[in-house]
Amino acid sequence: MATTTEDIPGVILAGGLSSRMGEDKARIRLGGVCLLDRAARRLAPQVSALAVNANGPVLFAEGEELPVFADLDTARAGPLGGILAALDHAGKHHPGASHVATVPIDSPFFPADLVARLARAADGPERIVAARSAGGLHPVFALWPVALAGDLAAWLAGGGALRVRSYLERHQAREVAFPPVETPRGPLDPFFNINTPDDLAAAENWLWILER
Ligand SMILES: Nc1nc2c(ncn2[C@@H]2O[C@H](COP(=O)(O)OP(=O)(O)OP(=O)(O)O)[C@@H](O)[C@H]2O)c(=O)[nH]1
Ligand SMILES: [Mg+2]
């Protein structure tokens, strides 16, 4: 099976607490554009439909109204809670889709060929495929089989580890390696992640370098 991107819906994971940032990361601006709009712009051309997982109000600065859904359980289960909600959403709204693509809200430079390359590595309807770079494994940048919705729900309900990595190991996920982005100031990890105000300042700097 080589999954094509023709029927892979995408979900932006924005359901976290943003505690290290101190304010909702979906709303903070990078180069004048809020992170939610940046993620949507980058993921939209790669997927068949786009939606947002969030546990609070969502504001679309660019006027685009995307479907928004919360975690199924009010107990915070970390990113896996958002991924389960994404599988549930896909099962209801995209019955032909075998996989859902997820990206986090806080990594604005992710590859334009992310979903296509992950999809090429999906060799079966129950295969999870996650992204890797020189910085390590990035388990929230992944393709998730809709068929695993029940298994993931049971794993979380049964007290399974909340670490996404543990779930990937359980299912022998495949990994796809992505190269660094070459810039005049050296290599940039395409999965650079904004968790703190310092990270945001560093991202502003990378954006300036990339847009020169
Ligand atoms: N749905 C959902 N998503 C989550 C949860 N926790 C984290 N995420 C998402 O998982 C991705 C990685 O999250 P982190 O950057 O580690 O955590 P965060 O909650 O955003 O920020 P911190 O509170 O500073 O750790 C982001 O896309 C988050 O929105 C959760 O409990 N539920
Ligand atoms: Mg993060």
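Colleague: What covers the buried residues of H1?

Modeller: This is a predicted model, and in it the cover over the buried residues of H1 includes strands E1 (10-14), E2 (29-30), E3 (33-34), E4 (50-54) and E6 (99-104). The residues being covered are Leu35, Leu36, Arg38, Ala39, Ala40 and Leu43.

Colleague: What makes H2 mostly covered?

Modeller: A residue is buried when 20 or more other C-beta atoms lie within 10 Å of its own, and 11 of the 15 residues of H2 are buried. Among them are Pro79, Ile83, Leu87 and His89.

Colleague: How do you know what reach is expected for H2?

Modeller: You take 1.5 Å times one less than the number of residues. For H2, residues 79-93, the expected value is 21 Å, and the helix reaches 21 Å from first C-alpha to last.

Colleague: Why is H2 called roughly antiparallel to H4?

Modeller: Their packing angle is about 150°, with the axes 10 Å apart. Angles over 145 degrees count as roughly antiparallel, so that is what H2 is to H4. The crossing is left-handed. On the H2 side, the contact is made by Leu80, Gly81, Ile83, Leu84, Leu87, Asp88 and Gly91, and on the H4 side by Ala149, Leu152, Ala153 and Leu156.

Colleague: Which classes do the residues of that contact divide into, and why is Gly put where it is?

Modeller: There are eight nonpolar, two polar and one charged. Gly counts as polar by definition, so Gly81 and Gly91 of H2 go there, while Asp88 is charged because Asp is in that class.

Note on methods. Residues are numbered from 1 along each chain as its sequence is written. Chains are lettered from A and ligands numbered from 1 in the order in which they are written. This is a predicted model: local features need pLDDT of at least 70, side-chain atom pairs count only at pLDDT 80 or more; totals for chains, interfaces and linings use all residues. Helices (H or I, at least four residues) and strands (E, at least two) are DSSP runs, numbered from the N terminus. A residue is buried if 20 or more other C-beta atoms lie within 10 Å of its own, exposed if 12 or fewer, and partly exposed in between; C-beta atoms are placed from the backbone. Axes are lines fitted to C-alpha atoms, for helices over the stretch in contact, and angles run from 0 to 180 degrees between N-to-C directions. Angles under 35 degrees count as roughly parallel, over 145 as roughly antiparallel, 65 to 115 as roughly perpendicular and the rest as oblique. A crossing is left-handed if the near helix is turned anticlockwise from the far one by less than a right angle, and right-handed if clockwise. Two residues are in contact if their C-beta atoms, placed from the backbone, lie within 7 Å.
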